[in-house]
Amino acid sequence: MEGADYEVLSVREQLFHERVRECIISTLLFVTLYIFCHIALTRFKKPAEFTTVDEEDATVNKIALELCTFTLAVALGAVLLLPFSIIGNEVLLSLPRNYYIQWLNGSLIHGLWNLVFLFSNLSLIFLMPFAYFFTESEGFAGSRKGVLARVYETVVMLMLLTLLVLGMVWVASAIVDNNKASRESLYDFWEYYLPYLYSFISFLGVLLLLVCTPLGLARMFSVTGKLLVKPRLLEDLEEQLHCSAFEEAALTRRICNPTSCWLPLDMELLHRQVLALQTQRVLLEKRRKASAWQRNLGYPLAMLCLLVLTGLSVLIVAIHILELLIDEAAMPRGMQDASLGQVSFSKLGSFGAVIQVVLIFYLMVSSVVGFYSSPLFRGLRPRWHDTAMTQIIGNCVCLLVLSSALPVFSRTLGLTRFDLLGDFGRFNWLGNFYIVFLYNAAFAGLTTLCLVKTFTAAVRAELIRAFGLDRLPLPVSGFPRVSKKTQHQ
């Protein structure tokens, strides 16, 4: 009997140590993400909002910035969640009994998925609304001014918003599923309300990814072209440098002689334009000093890699569409038991897992590029050391919605066979064949359409510029005709 009690105690002690180890690892990972996100946000925040004469406003902005940092860290954790799980499974499959990776197990992976789901709900439903109302609050009329008065007003506004959202969810659920069991389940806040609300938010995020990702895949070519040095056939840096120098000289002359022009001049705007031209000229000088390898090899290789990754993404989605018609197992589903290290989730083994991870990151970057390139969200784009606090809050909310929908997005498109863990697999719409099939078909169609239109237009425009056809007085399809006034200038 004593031996049995000893074995039970040893098992409990082992489980306790495993839980402590998982908590330490999760905390270290989150602290690392938090520090990285804090450094990133301090590069974009507006310094004037944190060094104002009013210490109360500065304190409120600092608290809101910390909440935004927490939210952005959760968003980054959601992006890394699926790649970390895929790589962890391949590591356990390749080194099953290695002593140095005993900390990596299914329990840790499952715990990370649950933590990301919990913190995503907390950030979207409580922290970000609190941060926004906190920055906009001034305290109730007649109350003593201070941070505490703002906290009281923010809590009241948040409670009213919570009641409004819960009521809307109750009405929506009653309309969709009008039965007694459904209405009674609404009284369970933690087990039904939050998953139901997060399922709706995740569905909106997946739809947003459906729109932004094809647009971003098409924009990636032009964005990469601006960052890299193009070959001399496609870019004339000498002409750009001369134009920049002439424009800077003209603006400097107008600043030095403001009385020579009979129109009123905005000196501050002119100074900003001069600084922008100087920065552009410095960048052009660096691009001109690039080596021949960077100029003639870097740009074509980057374009080729983007084309291969985009084509591979569309090909995988097309194959997944055929699998949906043939095999029911291709449907996305949840997995409650994270049994890792038993079988590879790619038919190509570790190489296929690496390709899956690269594609997931590539599509996430493309979705962010497409999000900030869309006309609806272009004004939300953060600016270096010139982003208001409310704009930072909006960016954090949008990035969290996109990143938290990334695992569902990747599994729905068939980019990976890794099933969704925890509450991520409890979304009801994942089991609807028509929604999943139409989503895959829409993604493949929109991506192909955007690529064909953008790629052919970009190649045609670059060739026209390279051969100087844009300067001829000939009407070229898809290219604006140069006026005589511009030619004389």
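Mentor: S366 sits in helix α10, where helices (H or I, at least four residues) and strands (E, at least two) are DSSP runs, numbered from the N terminus. This is a predicted model, so to speak of local features we need pLDDT of at least 70, side-chain atom pairs count only at pLDDT 80 or more, and totals for chains, interfaces and linings use all residues. Residues are numbered from 1 along each chain as its sequence is written, and side-chain values use heavy atoms, with hydrogens and water left out.

Back to our serine. S366 has 0% relative accessibility, so it counts as buried; the cut-offs are under 20% relative accessible area for buried, over 50% for exposed, and partly exposed in between (1.4 Å probe, protein chains only). What does S366 touch, leaving aside its neighbours within four places in sequence? The list is C212, T213, G216, L217 and M220, with contact meaning heavy atoms within 4.5 Å.

Stay in the helix for a moment. Helix α10 covers residues 350–373, and L359 is found there too. L359 is buried as well, with a relative accessible area of 0%. Setting aside neighbours within four places in sequence, L359 is in contact with L309, L312, S313 and I316. Its C-alpha atom is also 9.2 Å from that of S410, which is 51 residues away along the chain.

At 2% relative accessibility C212 is buried, whereas C305, at 47%, is partly exposed. Why does C212 have no disulfide? The closest cysteine sulfur, in C398, is 9.2 Å from the sulfur of C212, too far for a bond; a disulfide here is a pair of cysteine sulfur atoms within 2.5 Å. Searching the whole structure turns up zero disulfides.

Helix α2 is worth a stop too. This helix runs over residues 55–94 and holds N61, which is buried at a relative accessible area of 10%. Beyond the neighbours within four places in sequence, N61 is in contact with E49, F50, T135 and M389. The 40 residues of α2 should span 58 Å at 1.5 Å a residue, and the end C-alpha atoms are 56 Å apart, which agrees; the expected span is 1.5 Å times one less than the number of residues. There is still a kink of about 35° at L80, shortly before the proline P83, the bend being the angle between axes fitted to the seven residues ending there and the seven starting there.

What about charges? Side chains of opposite charge can pair when their charged atoms come close. R19 forms a salt bridge with E22, their closest N and O atoms 3.9 Å apart; the rule asks for a side-chain nitrogen of Lys or Arg within 4 Å of a carboxyl oxygen of Asp or Glu. By this rule the count is one salt bridge. Both residues lie in helix α1 (residues 2–44), three residues apart, about one turn of the helix. R19 is partly exposed at 44% relative accessibility, while E22 is buried with a relative accessible area of 11%.

Zooming out, the protein has 14 helices and two strands. Of its 489 residues, 41% count as buried. Among contacts between residues at least 6 apart in sequence, 78% join residues at least 24 apart.
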